[in-house]
Structures are given as C-alpha cells and as structure tokens.
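Grab a pencil and have a go at these exercises before you read each solution. Keep the structure open while you work.

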Amino acid sequence: MAFSQKDLDGLARRYTDAWNSKVPDNVASFHTSSSSIVINRGEPSVGHVGLAEMAAGFHADVPDLHLTCNGIRGAGTHVVYLWTFTGHHAETGNALNVQGWEEWELDGEMKVTKALGWFDGEEYDRQVAG
C-alpha cells in the first residue's frame, strides 16, 4: 500500500502539532499499541506508555521545545519524517537547534508500527553545554 503525498503531508502536520501540544499521549497516539521507537541505536521505547515516556523526556529536557517538519516522504508503507526542533535546555538554559528524522513503518490506517529516530547526539551535547 502506498500513501498519497497529500495524506503524508496531513500526517506530518498532525504529528508536528502533537509534539508542539506538549502532551506526550498525543505523540504516542500516532503509534499502534505494540509500536516501538529506537532513537540513535538506544534502548527501544515500546507501547503507548513507553512512547509517552519518551516524548515526556524530551519535553522535560527542552520545556519550550518547538518542532518543525522539514518534509515527509514515503515509499510504500515506509515513511521518512524530517524535523528540526528548537528550544532551550532545562538545566543549562542554552539554545538548541537540532535536526533529525524518523523512519516509520505504517499500517493501513497510517499508524506507526515501528520507528527509528536519528539526530546527531554529539552536536546535541555540544549545544547543551554551550
């Protein structure tokens, strides 16, 4: 199954809005109940609870996090969502401008069944430290 670019653009807009709502459950709602995400080859966040905890962690670290979608592309049920987030680190107060992407496998209802997330962790740490 392939999704139209219009459908993907709508998904990207809603997903971006979910992150910017600062409500972790809104982010988790884009995934199936058994979905998972692995970020930068780390430990997987699994299921609704794990996904909500992952989003809450980002919001705790960057309370004024603002996500921008830089594009979305699909090939069958495989989708790449490109993003930038800005904000200030909670502990250091330093400004952050981080780019990355998520790779999604989608089901027929456009719910994420499995995801990989990527960003430059060394650059993130450098920005946090100032």
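A residue counts as buried when its relative accessible area is under 20%. Keep in mind that this is a predicted model.

**Exercise 1.** Work out whether Phe58 and Phe85 are buried or exposed.

*Solution.* Start with Phe58: its relative accessibility is 19%, so it counts as buried. Now take Phe85, which is buried because its relative accessible area is 3%, under the 20% cut-off.

**Exercise 2.** Find out how the rings of Phe58 and Phe85 are arranged, and which parts they tie together.

*Solution.* A pair of aromatic rings is described by the distance of the centres and the angle of the planes. The whole structure holds 11 aromatic pairs. In the pair of Phe58 and Phe85, the centres are 6.4 Å apart and the planes make an angle of 75°. Planes over 60 degrees apart count as edge-to-face, so that's what this pair is. Next, locate the partners: Phe58 sits in helix α3 and Phe85 in strand β4, so the pair links parts 27 residues apart in sequence.

Phe85 also pairs with Trp83, and this pair is stacked, with 5.7 Å between centres and 15° between planes. Trp83 and Phe85 are both buried. Finally, zoom out: Trp19, Phe58, Trp83, Phe85, Phe119 and Tyr124 make up one aromatic cluster.

**Exercise 3.** Where does His89 lie, and what does it touch?

*Solution.* Look in the loop between β4 and β5 for His89. His89 is buried, because its relative accessible area is 11%. Leaving out residues up to four places away in sequence, His89 touches Asp61, Asn94, Leu96, Tyr124 and Val128.

Note on methods. Residues are numbered from 1 along each chain as its sequence is written. This is a predicted model: local features need pLDDT of at least 70, side-chain atom pairs count only at pLDDT 80 or more; totals for chains, interfaces and linings use all residues. Side-chain values use heavy atoms; hydrogens and water are left out. Helices (H or I, at least four residues) and strands (E, at least two) are DSSP runs, numbered from the N terminus. Buried means under 20% relative accessible area, exposed over 50%, partly exposed in between (1.4 Å probe, protein chains only). Contact means heavy atoms within 4.5 Å. Rings of Phe, Tyr and Trp (its six-membered ring) pair if their centres lie within 6.5 Å; planes under 30 degrees apart count as stacked, over 60 as edge-to-face and the rest as tilted.
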